[in-house]
Structures are given as structure tokens and as C-alpha cells.
Protein chains: 2
Amino acid sequence: MNDEPTSSGQPDEKSSIHRVRKAYEQVYDQLRELITTGELERGERLPNETVLASDFGVSRGTVREALRILAAQNLIRTAKGAGGGSFVTLPTVDHISEFLQANISLLSEVEDVELGEFLEARELLEAFAARLAASRHTEADIERMRQSVVADPMALSVESRFVHNKEFHSAVLGASGNTLLCISAQPIFSILQTNLSRTELDSRFPVRVNDDHREILDAIEAGDADGAERHMRHHLEYLRGTYEKIWRVPGAVSPGE
Amino acid sequence: MNDEPTSSGQPDEKSSIHRVRKAYEQVYDQLRELITTGELERGERLPNETVLASDFGVSRGTVREALRILAAQNLIRTAKGAGGGSFVTLPTVDHISEFLQANISLLSEVEDVELGEFLEARELLEAFAARLAASRHTEADIERMRQSVVADPMALSVESRFVHNKEFHSAVLGASGNTLLCISAQPIFSILQTNLSRTELDSRFPVRVNDDHREILDAIEAGDADGAERHMRHHLEYLRGTYEKIWRVPGAVSPGE
DNA sequence: ACAGATCCGTATGTCTGACATATAACCCGG
DNA sequence: CCGGGTTATATGTCAGACATACGGATCTGT
């Protein structure tokens, strides 16, 4: 009942017979093709559902199911009303990060992803990002980092500290100038952070974090790549200890509804 | 017309009024919640659409639109027929990679992600993966790598070489023992590879690649972390030159169709 | 002439009810 | 005991209707 016959299939399936593809999948395929090839440009409006239905020779319900899939992948957005309809909206970094965060969380429950893997990946990505940031940062990047480092973190609310913390790391990633690093690192950071946020512990913790951030910022601003990486590594190693104390599986909930 | 009022919102929105959430979104939300909290276990079957409809107090069509969204996110799979229905299927690494590949491709068109970013990220991730693989590999990992290194690559078809190449890098990532590295690196590799596959050039290229792979494999098998990383770096630097010659934007297509 | 209230067309959102079709399980005869 | 046809149960698909939100055109009062 649980075996998945299609898993890890060798590419032997030379049979040129195709399983019937459901109508809404075919509509989805074709619309997706139009969007990804750029035939439909970003922001452009698709024909309304009734027209699409008659164009594809299917019912409106079928078209709508295809549109829901496209919307779920952030390829379109739909709006009601007169000026409404379905508009092409290509995905953003934030969309992708959000998706990744959710899916990695789920995956880590099932396939048992260890805390160590999160920390390891994070250290690799963020340390490198700090290094790059030192040589590539713009003035705007620095400004953004500055705004997330404060004089007295204890004067802030827990949520506010949370946001500042998130902002700092996000800013460093952004300053790295490498979109792919952002996409990879952001969700990992978010998952760790989400778990941490529920159990703030030592009162010296926020101060230490803020100080570390300032140190990293200074190195980046000075263009000191080695220093930036070193300080980031040091910071992350400190955090490692904290996470190892409070860790629990991302999506886990205490039993008993 | 294009402004997105909810983008990068500061957490100021304390207004507790909520925009009406469409019925199919509410159904989706609730089903998703049931799945992600583990209340519905992997493999478990949801009630049939008619029952869901009456449970949620909506029509079957509405339920179906919600199910399409869940299916698009690989949270369920649906099957026709007697034993059919909707089954919970948590996402796999492959699902996530596939999604990422598609979305990064799209993103790189719009937001202009440079080739350099791909190469930079790949070098970081795969070099580190090779290092980890040297100390963490299992016998199965080694076997998998061995099978993708051949005696005479020129004896293979272009597609076969393509598959072997993909398999080798995938095996190294797998041997790193870090799922997050796999998730991050796999799509980046795939995008680069997809573009390369359309323009094979120098006939010495496949031989060189195969030799490099063997060298990396040997170092990993010997448990030589430094060597594995060094050889992988060297290999990727060689590839860098190739990519820089043939690169074109991922999703671009020649006009006229 | 202009600002504001009102009406109206157009799109998605939702419901109802029906039939088509794939599939697993059951039943029955050899 | 086995093989083949039947049936029950799901999803897949269709058609038509009404609800609802939104943008713009139209009407109105000062």
C-alpha cells in the first residue's frame, strides 16, 4: 500500500506510449509553456476563463483547476471584478524562499534532517556571503545592516529583536550580490530562527548577538573579507551552542491535540 | 496597476481586519494544516471529494480547486478509480529540486542572474560537498560514483554522457550526507548542465571531465578531504571556462515559433 | 463645470446536478 | 482453485446558473 513504483526510475522507459494526461494538466502545461517561454510577458493579462475554456475546448471548471495550479506556483495571480482576470506574475526570491522553508521543514520531519546539517549548511553559506559582502557591498547594503544593529538590544521587544536579527542576516546575504546564495541560505536561516524564537533563554544572548553583528558589519564596511568571514564564523559557532541546547524538530507538535 | 501593497511590509499591520479569503483557499489552508502538523499521516487517504465538500460546507468544485493547489505543492496525490482518492505524499528532495530549478530559471531571466553567480554558488557548494564526502561516504556512495565514471566516455552517446555526468555530481552531493547541500546545489547544477547539453563542443571535453571525475572519486574514496576539495575545485574551474564560452540565459528561446 | 453618488458591465467565485471513466474488489462459474 | 466478467466507488469532466467584487461610465446636485 505504501510502495511507490515510480521512485528513482532508471531512464529505461523507452515505451512511447503516454498515460492519458488529464485535461486540466494539459491546459496547465500549455499555459505554463506560454509563460515560461516569455510568450506571455510579466504583467500581461490572460483571456478570461470563458474564452480560455472555449479556446482549449474544455469546460470552465477545468480551466479553473489549471489556473489554480499556476497560481500555486506563483506564475499567475487572479483578481475579481471588472479590471480583473489572470495576470502573469513571475516568482520572486521571497516566493521561492517561502516555498523552500515550508518544504524543507516538512522534509526534515520525514527524512530526519539533523540539526547539524542545518548548522553546517548555514555556516558554509553565510560565512561565504560575509566574505563576498566585504568586497561587493553597496552603500544601501551597509545602511540596511546598520539599521538592524542597535545600541541597546534589551530595550527592544522580543519580536523586535527577532526582526532585527533576521534583517541583519538577510542584509548580509543580500550584500553578497549572489541571488542563489540568498535563495539557499534564507530558508535555512528562517527555520533555525523560527525554532529559536520560541525559547529565548539567557538574557545576555541578545547583547552578545548584537555585538557580534556590529563586529561583522564593521569588517564588511572596511572591506575586510577575511575578517568578515572570520567574525561571521565565530558568530555562527556561538549560535551553534545555543541551537544545540534548544533544538527540536521543526514542525513537531506535542501530542494530544 | 502593478504595485504590490503587501510587498516587504513592515510588521506594522496591526489591523485585525482580514480580507475575505476565498473558499477554496480556506479549504486549502485547513487541509494543509492537517497535513503539515502530521495529523494526517503520510500515505493516509483523505475523505472523498463529496464528503469533504459537505464537511467544509462547500461545493465539490471548490474542494477540487483546493486539492489542485495541494497537489501542485506535492502534498497530496490523487488517483481515480475504486481504491483511489487523495493521498498524503510529503515532498521529496527531488520534488524540491525540480521546483527550484524551474523557478530559478524563470527568476534568472527576469532579475538578471548572472552566470557568475551560478558558478560561484556551485563552486562553493560542490567543493564543500566533496570535502564532506571524503570523510562521510558510505560504500553505496562510492559504488554510485564508480558507475558514473567510465573507461572510455567517447564510446557513449551524448545523452548517456550527460546522464553519467549528472549522476557523478549528484552522487558526490549525496555522499556529503547533508540534505540541504543537495537541495541547494542540485538545481544550480541542473540549470548549468541543461544549457551545456545543447552545445557540446570540443571532443576532448568528455575525456577531460571523466578523468577529473575519476581523480575526485579516488580522493574521496581514500578519505582525503583536502584532495577531494582541491580536485573538485580544479574541475569546476575548468568547467567555468567552458560555461563562459557557451552561456546563454536559461529559459531564452530563439524568436519565431 | 466639477465633485460625489449611482448604475452597469465584466470578470472571477461558487453552487447544483449530471454523466464519463478508471480501477479495485467482488462474485461466480468452470 | 483459478479466471473473467460485473459492480461499486472514486475522480474527471461537462453544462448552466447565480453571487459578488471591482472599474468605469453615467447621472446628479451644487
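## Order of the elements in chain A

Starting at the N terminus, the elements of chain A follow the order α-α-α-β-β-α-α-α-α-α-α-α. That makes 10 helices and 2 strands. Both kinds are DSSP runs numbered from the N terminus: helices are H or I with at least four residues, and strands are E with at least two.

This is a predicted model, in which local features need pLDDT of at least 70, side-chain atom pairs count only at pLDDT 80 or more, and totals for chains, interfaces and linings use all residues. Residues are numbered from 1 along each chain as its sequence is written, while chains are lettered from A and ligands numbered from 1 in the order in which they are written.

## Contacts within chain A

Take the contacts in chain A between residues at least 6 apart in sequence: 73% of them join residues at least 24 apart. Two residues are in contact if their C-beta atoms, placed from the backbone, lie within 7 Å.

## Two copies

The same surface serves both: 100% of the contact residues of chain B recur in chain A.

## Around DNA strand C

DNA strand C is surrounded by 24 residues, and B:Gly81 and A:Ala82 are among the closest. Here, near means that a residue's C-beta atom, placed from the backbone, lies within 6 Å of the strand. H3(B) gives the most to this surface, with 3 residues.
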